[in-house]
Amino acid sequence: MFLTNLCLKNYRNYKSAELQFENKVNIILGENAQGKTNVMEAIYVLAMAKSHRTSNDKDLIRWEEEYAKIEGRASKRKGPLSLELIISKKGKKARSNHIEQSKLSQYVGNINVVMFAPEDLNLVKGSPQTRRRFIDMEIGQVSPVYIHDLSQYQKILQQRNHYLKLLQSKQHHDETMLEVLTDQFIQLAAKITLKRYQFLDLLQKWAEPIHYEISRGLETLQIKYRPSVNVSEDGELSRIIEAYNEKFASIKSREIERGITLVGPHRDDLAFDVNGKDVQTFGSQGQQRTTALSLKLAEIELIFSEIGDYPILLLDDVLSELDDFRQTHLLNTIQGKVQTFVTTTSIDGIEHEVIKEADIYKVVSGQIAKI
């Protein structure tokens with residue numbers, strides 16, 4: 001799949017912009033704080049209906065405007081596709097091929113993107129929340145059901161935490177409602193846990209040989225899921241539900257005492273081992289970066305294997321963060337295969353055929369044009 005058109009209205013520092021793209025590498029060139037990343041973010045938001053930079057949608061609306069609009073047209077294996085997303089202070093409206101989507105979970109996945117930004121290099125050594133967000137966003141692209149389950153889970157988690165606080169402060173004494181919420185919570189938590197295991201199995205399959213190649217055959221990568229409840233990765237849904245039931249029964253009084261939900265997918269984590277050692281603790285910066293790059297390249301292949309179309313790759317200011325060998329490996333991988341958008345302040349010093357053949361767009365103060 002590839003993006004052929006992008007139109008922005010009142011988006012970040014763009015009053016309006018209309019762009020056409022080819023199925024190749026498209027370089028967005030400009031100094032810092034001119035709006036390069038805003039274009040990249042707009043493509044991401046068009047695909048995911050949320051930003052990778054902020055959780056507050058109002059940040060996406062141009063100063064003193066009422067709404068922002070992103071429109072895009074894409075070419076897919078199954079035919080052309082038009083998408084529209086309107087972001088206002090009241091919420092979001094999404095259209096796919098001019099038909100309004102009643103749920104954003106039905107909209108996400110129309111086009112697939114893989115974002116690789118400098119903060120992704122912190123995927124290995126960053127917080128568990130960063131890794132959870134990574135896995136949730138990637139599963140969501142290939143499984144709309146997962147987005148729905150995750151959204152329901154977060155609502156139940158909020159309600160459960162609220163009720164635990166009431167029990168903690170003795171404003172309520174009846175635990176029947178807690179049992180109802182716990183049962184609903186467990187059903188969703190188990191489904192999310194199982195789906196994460198299944199997804200990470202696939203990611204492992206693609207990431208291991210990629211990492212082996214980037215490390216010149218010296219390193220073997222292993223991805224491990226670290227759930228907050230002791231469940232086996234080959235467990236069935238019923239066994240995961242059983243494990244959650246046992247765990248919640250054993251920590252009930254502690255949860256009431258603390259006034260918070262102590263286990264569940266919102267507290268899970270990932271670990272990455274290279275040659276049997278935890279990269280987060282024992283890995284060099286180079287090994288951590290190789291792991292992050294391997295995961296991103298594995299995502300591209302995983303999405304293709306699941307949907308039959310390559311995703312759009314967004315490289316936001318990341319080429320300058322990679323050494324020559326990793327940079328070359330990345331560019332060799334995408335050459336002639338994946339539509340790619342690259343933001344950078346300069347392409348000087350990048351001697352690669354992909355860059356020489358790329359279309360270049362220049363950004364100055366929220367104005368963008370092909371050069």
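Reply: A salt bridge is a side-chain nitrogen of Lys or Arg within 4 Å of a carboxyl oxygen of Asp or Glu. The model is predicted: local features need pLDDT of at least 70, side-chain atom pairs count only at pLDDT 80 or more, and totals for chains, interfaces and linings use all residues. Residues are numbered from 1 along each chain as its sequence is written, and side-chain values use heavy atoms, with hydrogens and water left out.

Me: Why is the pair Lys-24 and Asp-359 called a salt bridge?

Reply: The closest N and O atoms of Lys-24 and Asp-359 are 3.3 Å apart, and the limit is 4 Å, so the pair qualifies. Lys-24 lies in the loop between β2 (14-20) and β3 (25-29), whereas Asp-359 belongs to strand β14 (residues 359-364), 335 residues apart. Strands here are DSSP runs of E, at least two residues, numbered from the N terminus.

Me: What makes Asp-359 buried or exposed?

Reply: Buried means under 20% relative accessible area, exposed over 50%, and partly exposed in between (1.4 Å probe, protein chains only). Asp-359 has 10% relative accessibility and therefore counts as buried. Lys-24, at 29%, is therefore partly exposed.

Me: How do you know which class Asp-323 and Arg-326 belong to?

Reply: Asp-323, at 36% relative accessibility, counts as partly exposed, while Arg-326, at 15%, counts as buried. These two residues also form a salt bridge, with closest N and O atoms 2.3 Å apart.

Conventions
Helices (H or I, at least four residues) and strands (E, at least two) are DSSP runs, numbered from the N terminus.
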